[in-house]
Structures are given as C-alpha cells and as structure tokens.
Amino acid sequence: MGYARKVGWVTAGLVIGAGACYCIYRLTRGRKQNKEKMAQGVSGDVDDVGGCPGARYNDWSDDDDDNSENKGIVWYPPWARIGTEAGTRARARARARATRARRAVQKRASPNSDDTILSPQELQKVLCLVEMSEKPYILEAALIALGNNAAYAFNRDIIRDLGGLPIVAKILNTRDPIVKEKALIVLNNLSVNAENQRRLKIYMNQVCDDTITSRLNSSVQLAGLRLLTNMTVTNEYQHMLANSISDFFRLFSAGNEETKFQVLKLLLNLAENPAMTRELLRAQVPSSLGSLFNRKENKEVILKLLVIFENINDNFKWEENESTQNQFSEGSLFFFLKEFQVCADKILGIESHHDFLVKVKVGKFMAKLAECMFPKSQE
C-alpha cells in the first residue's frame, strides 16, 4: 500500500511539473514573439477630445490560426503510451486541451473580435495584478491587456471608474524601461477621453521630465511624447508644458526622424493655440535649427516645421508687440525669426532642394514673414 501511494505521489508530481513547464513555455513563447509587436501611435477609434486618435496594439502572435494547430508542442502524460486504449484516450484529451489553448490565444489575437474585450470584473482582476505584482514580466503582460482594452472608448470610462488611472500612473516610477513604456501606452490610450485627461493632468510634469531625460530616441521617450501630444490636443493643459518647450526643440534637433516627427506633432498642437505663442517665441532653440533647412533633411520634416512657424507668425502681432520685443532673449525662437537676413540666408539655402513643393513653401513663408515684420507703412 505504501509503495502504491509513493508511486501515486511521484506521478502526480510529474503531471503538475510538466503542466507548469508547458504554461511557462507558452508564456515565454508569446512574450518573445510579441516583444516588438506593440505599435505606438496607431490610429484607432476617436473619443470626445477633439478627434485625438487612440493607439491600439496587439501582443498576440498571428501564427496561431486554424492551419497551424499542429505546430505547437503538445505535452502528453506519462501514462499515454502509444498502442494502448488508455494511452490513446489520454493523448486525445491532451491534444484537445492544447487546441483549446491555441484557440483562446487566437481569439485574443483578433483586434476586431469581441473576445478581446474584458468584462469589468476581468479588468478589475488585471488592475489588481498591476497594483500588487512586482514581477516585470507579469506587469508587462497585464499592462498589454489593459492597453488593448483601453483602445475601446467605453472601456476608458470603466477603467477610470475602477480606479485604474492612479494604479497605472504609479508604474511610471519603475526603472524597468519595458514596463514603463507599456504603462505610458496604456495612459496614452486612456487619455483619449476628456474626463481622463482632467485626472491625468497631475502626472504631466512627471511624464514630461521622464520624456526629456530618457535615452534619446528610446521607446520610453517616444511613448512619453505620444502621451503629451494627446494631452495637448485641446488647449486646456498646454500651459503646463511652457517651461519645457526649449527641451522639445533640443530633442527635435538631436533626435532621429521618428523622434522629430513626434516632437513636431506636439509643437504643432502648441503653435495652433494663440495663448502659447509667446511661450514658443521665448523658447531657446539650438543653433543647429537653421541647418535643418537643407537638401538632406526629410521633406515632411521641413514642411511641418514651416507650418509651425507660420502659425506662430500668424498669431503674433509684430506691430502691436513691438514695445515688448525686448522681453525675448538672444538665442530664442523670436530672434531666430526676427533676424530676418540671417534666417533668410539659412532657409533660402534650400533653393537647391530637389523638391519643388519645398521650394514653394519656403518662398511663401519668407514672403509672409517679411510682410509681417516690415509692413508697407514702414517702407
């Protein structure tokens, strides 16, 4: 009797251990396949903050479809011997369990499927996991689930009502860059909502500081810039970034093309607000800003930068503000535009640019700038 009991315990241990190994295999395989699959800034559905897009991303592999059900590893229990009736039944049950697991993953993989949407009770469990867990890989998986669900407008309200905003924002204090990036993506999706923005504004300074001090061109920096861009779609919270505009111009000059485009989106939001015109003109800009207008720079970067300059020029009444122009210091964007001849020399150096549209846009901007600075009444 004692021997049979020992055998039973050993067998049970083998079953449990093998099952745990299989679960770890599935988790590890999913994380490896999807580490790079979270798209940032992908246009999604639009909520009630002025048409700001919410990022929707998918962390599940696309190869778990019905045609690849036999590709995964199926663990068979030790008693499922080939050639025996009991073994055949055990192997069939193991295959069925593996198939159900693969189909569950497949359902989560479809962004248009209702199965990707968690119920409020399930969202509550995920938030508890985020709040209580200290394991980076668990936090990453939980934040991915929250981010996927935060891409849906109705879930943004549910997550807020469950107290999810401060729970996710607390993760911003982590030193793990992967976890921090996922938290920023979740907050970015949640920020496509007016009430959520009102509650998230208290974290803007922290996000701004983290974004500026993060490694240049890193995923964390880009995720932070996207969140700040969403938070500045309306004019209500733009003033909170006034002291950081110089840093954004520095990131624009030093960053790669992706960073440049993201900073331009943020600056364009600010430039469209007349109340932010003075703050933009006060910002210190790198001396290398003028050198961006050359034939080597991306055409879209030049055009977007010109749009920002045009908005600032339109919003700033040069004649009315002539008496206050001494408030702007050397090296500011104001002097970059005010020193017309220097600015013209830098920008008109683009005359040799191969793109005709760029030449036309630059010419129109320079003519408009000259007209505003030197009106006909002063000629």
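1. Contacts in sequence terms. Take the contacts between residues at least 6 apart in sequence: 72% of them join residues at least 24 apart. The model is predicted.

2. Overall make-up. The chain has 17 helices and zero strands. It runs to 379 residues, and buried residues make up 46% of them.

3. Main core. The largest nonpolar core holds 79 residues. Leu143, Leu146, Phe248, Leu267, Leu289, Phe309 and Leu333 touch the most other members. Helix α14, residues 299–315, gives the most to this core, with eight residues. Domain 1 (115–199) and domain 2 (235–378) both contribute residues, so the core lies between them. As background, nonpolar side chains tend to be buried together in soluble globular proteins.

4. Phe248. What does Phe248 touch, not counting residues up to four places away in sequence? The list is Cys208, Ile212, Leu225, Leu228, Leu241, Val263, Leu266 and Leu267. Of these, Leu267 is also among the core residues that touch the most other members.

5. Leu225. This residue is found in helix α10, residues 219–231. Is Leu225 buried or exposed? Leu225 is buried, because its relative accessible area is 0% and the cut-off for buried is under 20%. Leaving aside neighbours within four places in sequence, Leu225 is in contact with Thr211, Phe248, Thr259, Gln262, Val263 and Leu266. Val263 and Leu266 are also touched by Phe248.

6. A distance to check by eye. Leu225 and Lys265 are 40 residues apart in sequence. Their C-alpha atoms are 9.0 Å apart in space.

7. Helix α3, geometry. Helix α3 covers residues 120–132, which is 13 residues. At 1.5 Å a residue, α3 should span 18 Å. The C-alpha atoms at its ends are 18 Å apart, so the model agrees with expectation.

8. Which residues of α3 are buried? They are Leu123, Val126, Leu127 and Val130. These four cover an arc of only 100° around the axis, which means they sit on the same side of α3.

Notes. Residues numbered from 1 in each chain as written. Predicted model: local features only at pLDDT ≥ 70, side-chain atom pairs only at ≥ 80, totals over all residues. Heavy atoms only, no water. Helix = DSSP H or I, 4+ residues; strand = E, 2+ residues; numbered from the N terminus. Expected span 1.5 Å × (residues − 1). Buried < 20%, exposed > 50% of the residue type's maximum accessible area, 1.4 Å probe, protein only. Arc of directions from axis to C-beta. Contact = heavy atoms within 4.5 Å. Core = buried A, V, L, I, M, F, W, Y, C linked by side-chain atoms within 4.5 Å. Domains from an automatic or database assignment.
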